[in-house]
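Reader: I am new to this structure. Could you show me how to read its features, one at a time?

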Amino acid sequence: MQTFHDLYKTLTKAALENKLKEELRKLEKGTFNPYHLGCLLHPEHHSLTINDDTSMENASKNVHANINMDPDFRQDNNVCFNLDDKNLTDVIQTLPILEKIHEGKHPVYAMIAPAFIGQFSEDVTPGKLRTAFKHLGFAGMVEVALFADILTLKEALEFDKAVKTEKDYMLTSCCCPVWLTMCRKAGLMEHMPGSVSPMVACGRSIKRIHPNAITVFIGPCLAKKAEAKEPDVKDAVDYVLTFQEIQEIFDIAEINLSNLDEDNREHSSTAGRTYAYAGGVSNAVQNCLSKLRPSRSIPLVYQCADGVTECKNLIQQVQKGDISANFLEGMGCSGGCVGGPRVLIDSKEGKNHVEHYGDKAAYDSPAENPYVIALLNRLGYPTVESLLEKDDIFTRDFSNLI
């Protein structure tokens, strides 16, 4: 009998060749367990599980879509997850994405997370990766770092608005869904500005410019699968894949990324590119604020935590009033997104690649990035300050979480 992974590779190859329906008909008539096939094609009808019950830290590495980061959630066993050593929910969205590409009714855009640089080997440049996505049939590849730039501007302005005295502080909200959920459970949402994540900002912006577009976020994180389904932001991202999933698609499609032509689009600044590692968001916002408000009397002083344990410790410090910083950043994975559960390389190596890529950016901050200003104008924002107005692209309402 086929293993789950054998079945997945068979169906993915069929989807790449636009023969998925034909292959499914064969499977329906064959000997493959129909329950297992149902798990693959309709995971919404089957319970989801956590693979490791040793700690909250491990849970953050293994969380599946539709499960919030909650230390008290119930763990369950399900035969669907014993088919192979890969998580079912990690791979399930591959098939409908490839089907949408082959249908050709709507342009499908790949949105690549800032942690991507170096993940697909050192010689795979952003330009080669963009070419690879086009070989698969995507309309294009967009670096989410450009939208991290925009959120950097927004967070800097939110800080300037919120922190007026030495006792005021702000929690950054725009990156990690694990950190956001932990702060919500701790009752700290009143200190969170209403900012969407760069992933959501990217998806919404693409759909504003191309209303019929299908958006696919690709990154190292499993919690992003859950974030994409949250009621107030589910309009932004249609599918979420991990770096491991997309690498497997490249392998099945026999795409050698190193040999591809360059298709470069340099749009993001150093700030947006460095969101991928712990402290990157804080440093970006601090730098941006100094350019936007150089005469500000109360400077931004940040404190960062990465990994669930450190994030919990930082929250406890906040609750005790034992903090000297006024801008607090948390990332659920150790090292930040470069240490996510579905990265392809070591987190330290990933950070080195991101830092190098950030250093190569033409602009240090979104405050001087002309691509950011041009995009904001195209999206209907006449000034940077207009980012503080409530809107339907970069702002979310946390009032129901307080």
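Author: Start with a pair inside one helix. Being three residues apart in helix 11 (residues 223-227), Glu227 and Lys224 are separated by about one helical turn. Keep in mind that this is a predicted model.

Reader: What do Glu227 and Lys224 form?

Author: A salt bridge joins Glu227 to Lys224, and their closest N and O atoms are 2.8 Å apart.

Reader: Are Glu227 and Lys224 buried or exposed?

Author: Glu227 is buried, and Lys224 is buried as well. Buried here means under 20% relative accessible area.

Reader: How many salt bridges does the structure hold?

Author: The structure holds 15 salt bridges. One of them pairs Glu17 with Lys13, with the closest N and O atoms 3.3 Å apart.

Reader: Now a salt bridge across the chain, please. Which residue forms a salt bridge with Arg296?

Author: Asp160 does, and the closest N and O atoms of Arg296 and Asp160 are 2.7 Å apart. This pair links distant parts of the chain, 136 residues apart. Arg296 lies in the loop between helix 14 (280-292) and strand 6 (302-306), while Asp160 is in helix 8 (residues 145-162). Both Arg296 and Asp160 are buried.

Reader: Which residues are linked with Asp160 and Arg296 in a network of salt bridges?

Author: Arg293 and Glu385 are in the network with Asp160 and Arg296.

Reader: Over how many bridges do strand 3 and strand 7 pair?

Author: Strand 3 and strand 7 (residues 327-331) pair over two bridges, in the parallel sense. For Leu171, the bridge partner in strand 7 is Leu328.

Reader: Last, the surface. Which residues form a negative surface patch?

Author: Glu122, Asp123, Asp346 and Glu349 form a negative surface patch. Take Glu349, which is found in helix 16 (residues 347-359). Its relative accessibility is 33%, so Glu349 counts as partly exposed.

Key:
Residues numbered from 1 in each chain as written. Predicted model: local features only at pLDDT ≥ 70, side-chain atom pairs only at ≥ 80, totals over all residues. Heavy atoms only, no water. Patch = residues over 30% accessible without salt bridge, like charges linked within 9 Å, V, L, I, M, F, W, Y side chains within 5 Å. Areas by Shrake-Rupley, 256 points an atom, 1.4 Å probe, with all protein chains shown as cover. Salt bridge = Lys/Arg side-chain N within 4 Å of Asp/Glu carboxyl O. Lys, Arg positive; Asp, Glu negative; His and termini not counted. Charge placed at Lys NZ, Arg CZ, Asp CG, Glu CD. Helix = DSSP H or I, 4+ residues; strand = E, 2+ residues; numbered from the N terminus. Buried < 20%, exposed > 50% of the residue type's maximum accessible area, 1.4 Å probe, protein only. Pairing = 2+ DSSP bridges.
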